[in-house]
Amino acid sequence: MTFEGLQRRARDEWQALSESAVPLIQVGTATCGRSAGASAVVDALREALQREATPALIMEVGCIGLCFAEPLVTIRKPGRPAVCYGHVNPERATQLVSEYLLRDNPLADWALGTVGEGRIEGIPELFETPVLRPQVRRILRNCGFIDPTNILHYVARGGYTGLVRALGMARGQIIDEIRRAGLRGRGGAGFPTWRKWQFCLEAPGEPKYVVCNADEGDPGAFMNRSLLESDPHSVLEGLLIDGYTVGAREGYIYCRAEYPLALERLHNALAQMREQGLVGENILGSGFSFDIHIKEGAGAFVCGEETALLASIEGRRGMPRPRPPFPATSGLWGKPTVINNVETLASVSLILQKGAEWFAEYGSEKSKGTKTFALVGKVKRAGLIEVPLGITLRDIVYGIGGGILGDKRFKAVQTGGPSGGCLPEALLDSPVDYESLTTAGSIMGSGGMVVMDEDTCMVDVARYFLDFTQKESCGECVPCRLGTKQMMDILTDITEGKGREGDVELLQEVALAVKKGSLCGLGQTAPNPVLTTIRYFRDEYEAHEQGRCPSKVCKALIRYRIVADKCKGCQICLRACPVGAISGERRQVHTIDVGKCIRCGVCLEVCPARFGAVECVTGQ
Amino acid sequence: MHDRIDAILSSYGRDRANLIPILQSVQAELGYLSEEAMLRIADYLGVPESQVYGVASFYAQFRFTPTGRNRIMVCRGTACHVRGAPRILDEIQQVLNIREGETTSDMEYTLETVACIGCCALSPCMMINREVYAKLTPTKVREVFSKGGQEQ
Ligand SMILES: Cc1cc2nc3c(=O)[nH]c(=O)nc-3n(C[C@H](O)[C@H](O)[C@H](O)COP(=O)(O)O)c2cc1C
Ligand code: SF4
Ligand code: SF4
Ligand code: FES
């Protein structure tokens with residue numbers, strides 16, 4: 001079939017869906033939806049529809065990114081805008097069928113908003129609500145709206161027109177288009193994508209390879225996973241364009257094994273591309289032949305680093321090697337290779353579909369376009385967001401995120417994962433772009449954004465990241481292997497109240513040595529979380545040295561106790577304590593044996609809120 | 001066991017680049033990588049045994065001892081950490097009386113940690129086999145295990 005034929009079929013199917021005479025029910029069943037119970041919701045909907053003998057179409061979609069409100073269900077009745085419902089459980093699902101489908105009561109209280117033309121009384125427009133208004137949905141445009149297992153849905157919404165356009169352009173023209181768009185790598189370092197492609201195109205050596213980096217190892221980041229699960233073709237189209245531009249015949253996607261659903265979606269998408277002649281020999285009759293292989297990672301964070309990733313594809317231990325030579329000149333099996341992040345490739349598809357100027361409409365001077373972030377931690381509305389670069393941290397945390405959970409006090413926002421840093425309240429008005437975040441001592445990173453509040457201990461956070469990088473160090477460089485270990489020991493001492501004067505200075509000294517003496521980005525950036533917490537939260541380090549953990553996190557520095565005049569002697573905590581550290585008769589004040597207590601906090605959790613008799617204290 | 005390993009091997013070409021996919025398939029079949037399996041893989045690919053073990057031991061995914069019937073994976077991602085994951089891990093260790101990386105003596109559970117399962121918005125969380133348990137508290141953990149929270 002020609003591409004026009006495919007587009008016609010796709011448009012027909014999409015139109016039939018949007019004009020469907022029966023209601024359309026969409027359920028978000030990406031990993032986040034599933035973990036919140038979306039599968040049970042689908043079952044409940046099916047059952048209710050059958051019981052009521054009412055016809056409706058159920059379609060499983062990916063993730064809109066409103067993870068805080070999962071499971072999400074969107075219902076569109078003919079002639080009405082679609083209504084998106086949050087926090088749907090099986091009982092609510094059943095009621096949605098009986099109330100909205102059968103009796104036309106849209107249950108406005110459970111609705112998050114409407115999508116599409118028309119209004120429904122009492123329900124705001126979804127994209128005008130505080131969580132979505134500041135967002136610009138480009139990369140995520142299809143997520144949660146199309147069936148990710150159906151290539152026709154992608155095509156109906158403009159998919160693969162970027163490839164078709166590229167196939168009619170000279171290679172240099174494509175590279176120029178990407179250059180004018182100002183696209184920089186979304187995997188962390190922010191290297192201009194066009195330049196990498198140019199290097200590879202000009203490099204001698206055949207065959208050439210292109211690789212999509214879907215290893216997404218930063219703990220606390222899930223942008224790439226969500227995109228692959230919700231709209232896999234947007235990434236695959238970018239990989240095809242990449243391959244065509246640099247003159248490769250083969251491409252690889254290296255995806256984490258911890259993402260089984262993303263892998264499944266990729267395999268399915270690839271099979272559909274093959275059916276439609278979008279991969280393989282002579283793609284769309286253009287003479288361009290290209291094949292894609294899916295490689296599963298095996299659980300090593302360092303394999304996100306490009307040279308380690310290549311070693312892993314070759315079947316070796318994933319150890320980084322010195323650069324230069326850069327992969328663009330000597331990569332996979334020594335051949336010129338371009339490695340790009342998932343979101344970079346999705347941006348490439350958009351640039352070719354819509355043009356460089358359109359892409360560069362948003363963003364700041366040196367950071368063009370939009371970027372997705374996983375906004376998580378102590379924030380009210382956690383989820384996957386997409387914003388124009390240059391937006392302030394405050395607009396993200398307080399605007400989109402709705403502020404801090406339980407209205408506690410904001411303490412820091414962490415960007416860039418284990419390579420990044422923790423930024424304090426004073427920097428909330430900084431714009432989010434590559435340069436500003438670097439100046440502040442953090443990095444843009446791949447898009448993890450973890451919000452921390454007064455209950456988060458910054459020394460513990462620093463220790464947490466270092467624990468991570470230290471375990472993930474491949475062991476090749478001595479400063480990375482031993483330096484991080486030494487820093488870890490010092491931090492452990494501090495969190496256990498065994499810190500000594502001069503520890504902070506020593507940490508800084510070792511940190512510099514690790515940064516300087518490490519081969520790859522893992523070691524070079526591992527000290528960043530420690531350095532930024534020292535820079536912005538030094539008082540917390542000092543408090544620990546004096547035996548206090550102000551956020552009451554570090555176990556060695558806290559104690560639990562029962563406040564005598566609040567305790568009603570209900571024995572709830574006594575029964576819950578896992579080590580039998582609590583004693584007391586019924587209706588008598590209870591006490592905790594500090595020697596036995598393992599500081600698990602269960603007593604505090606179970607003590608009824610109306611008594612509030614258990615408290616956690618720190619210091620003498 | 002031979003047949004099962006050989007059946008897997010024969011579905012791959014004798015290409016070094018297939019080493020990791022083969023190790024993954026064999027582990028999916030046997031639950032872990034036995035010494036015998038690794039010897040056969042080395043033989044099949046014509047790669048020294050030390051290199052097969054070298055690669056397998058580099059990656060966290062590979063295990064060299066049989067695991068329990070149910071795999072518990074506690075998320076140690078950042079979002080989970082700041083929302084109390086360490087307490088969750090402590091509680092599981094306490095309840096099952098094993099440490100991270102160990103298997104209960106009745107072979108019911110193996111306890112592991114993973115970096116971010118990608119459900120950060122619902123943190124802290126863990127997976128038991130393919131099922132995700134979200135928004136955990138120590139008390140919830142105990143409920144899960146007192147109900148024998150395994151295959152559903
Ligand atoms: C330790 C380490 C881990 C990395 N992990 C990832 C990752 O998970 N995903 C990613 O795209 N890039 C990761 N990178 C960056 C890659 O090396 C590489 O720069 C990137 O994939 C290039 O793609 P881009 O130019 O499209 O950003 C990592 C780098 C280091 C040093
Ligand atoms: S810096 Fe660390 S992770 Fe990177 S190559 Fe050196 S030892 Fe390995
Ligand atoms: S903190 Fe845990 S161990 Fe200590 S008294 Fe409370 S329940 Fe018992
Ligand atoms: S940090 Fe636990 S799921 Fe992401």
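Mentor: Let us begin with ligand 1, which has 18 residues around it. The closest are A:G187, A:K196, A:N340, A:N341 and A:T344. Please keep in mind throughout that this is a predicted model.

Trainee: Which polar atom of A:N340 lies 2.9 Å from an oxygen atom of ligand 1, one of the side chain or one of the backbone?

Mentor: For A:N340 it is a polar side-chain atom, at 2.9 Å from a ligand 1 oxygen. The backbone takes part elsewhere: a polar backbone atom of A:E216 is 3.0 Å from an oxygen atom of ligand 1. For A:I339, a backbone N or O atom lies 3.5 Å from an oxygen atom of this ligand.

Trainee: How many residues are around ligand 2, and which of them come nearest?

Mentor: The shell of ligand 2 has 13 residues, and those that come nearest are A:C474, A:E476, A:C477, A:C480 and A:C520. By class, the shell around ligand 2 contains 8 nonpolar residues, 4 polar ones and 1 charged one.

Trainee: Let us turn to aromatic rings. How is a pair of them described?

Mentor: In general, one gives the distance between the ring centres and the angle between the ring planes. In this structure, a search over all chains finds 14 aromatic pairs. One of them joins A:Y252 and A:W333, with 6.3 Å from centre to centre and 55° between the planes, and this pair is tilted. The two residues are 81 positions apart and the pair links distant parts of the chain: A:Y252 belongs to strand β7 (residues 248-255) of chain A, whereas A:W333 is in the loop between α12 (306-313) and β9 (337-341).

Trainee: Is A:Y252 buried or exposed?

Mentor: A:Y252 has a relative accessible area of 7% and is therefore buried, the limit being under 20%. A:W333, at 39% relative accessibility, is partly exposed. A second example comes from chain B, where B:Y53 and B:F64 form a tilted pair with 5.2 Å between centres and 45° between planes. This pair too links distant parts of its chain, with B:Y53 in helix α4 (residues 49-58) and B:F64 in the loop between α4 and β1 (70-75), 11 residues apart. B:Y53 is partly exposed at 44%, and B:F64 is partly exposed at 30%.

Trainee: Which residues form one aromatic cluster with A:Y252?

Mentor: A:Y209 and A:W333 form one cluster with A:Y252. Rings may also be examined for a charge over the face. The charged end of A:K77 sits over the ring of A:Y100, at 4.7 Å from the ring centre. Likewise, A:R184 lies over the face of A:Y434, 4.3 Å from the centre of that ring.

Trainee: Which residue of chain A has a positive phi of about 50° although it is not a glycine?

Mentor: That residue is A:D407. A:D407 lies in the loop between α15 (393-400) and β12 (410-415) of chain A, and it is exposed, with a relative accessible area of 62%. In chain B, B:K135 has phi near 45°, also a positive value in a residue other than glycine. B:K135 is found in the loop between β4 (131-133) and α7 (138-146), and it counts as partly exposed at 43%.

Trainee: How many helices and strands does chain B have?

Mentor: Chain B has 7 helices and 4 strands, in the order α-α-α-α-β-α-α-β-β-β-α from the N terminus. Of its 152 residues, 57% are buried. Its domains are domain 1 (2-58) and domain 2 (70-146), and their C-alpha centres lie 30 Å apart.

Terms used:
Residues numbered from 1 in each chain as written. Chains lettered and ligands numbered in written order. Predicted model: local features only at pLDDT ≥ 70, side-chain atom pairs only at ≥ 80, totals over all residues. Heavy atoms only, no water. Phe/Tyr/Trp six-rings, centres within 6.5 Å; stacked < 30°, edge-to-face > 60°. Buried < 20%, exposed > 50% of the residue type's maximum accessible area, 1.4 Å probe, protein only. Lys NZ or Arg CZ within 6 Å of the ring centre and 35° of its normal. Near = heavy atom within 4 Å. Nonpolar A, V, L, I, M, F, W, Y, C, P; charged D, E, K, R; others polar. Domains from an automatic or database assignment. Polar contact = N/O pair within 3.5 Å; in protein donor to acceptor, adjacent residues only side chain to side chain.
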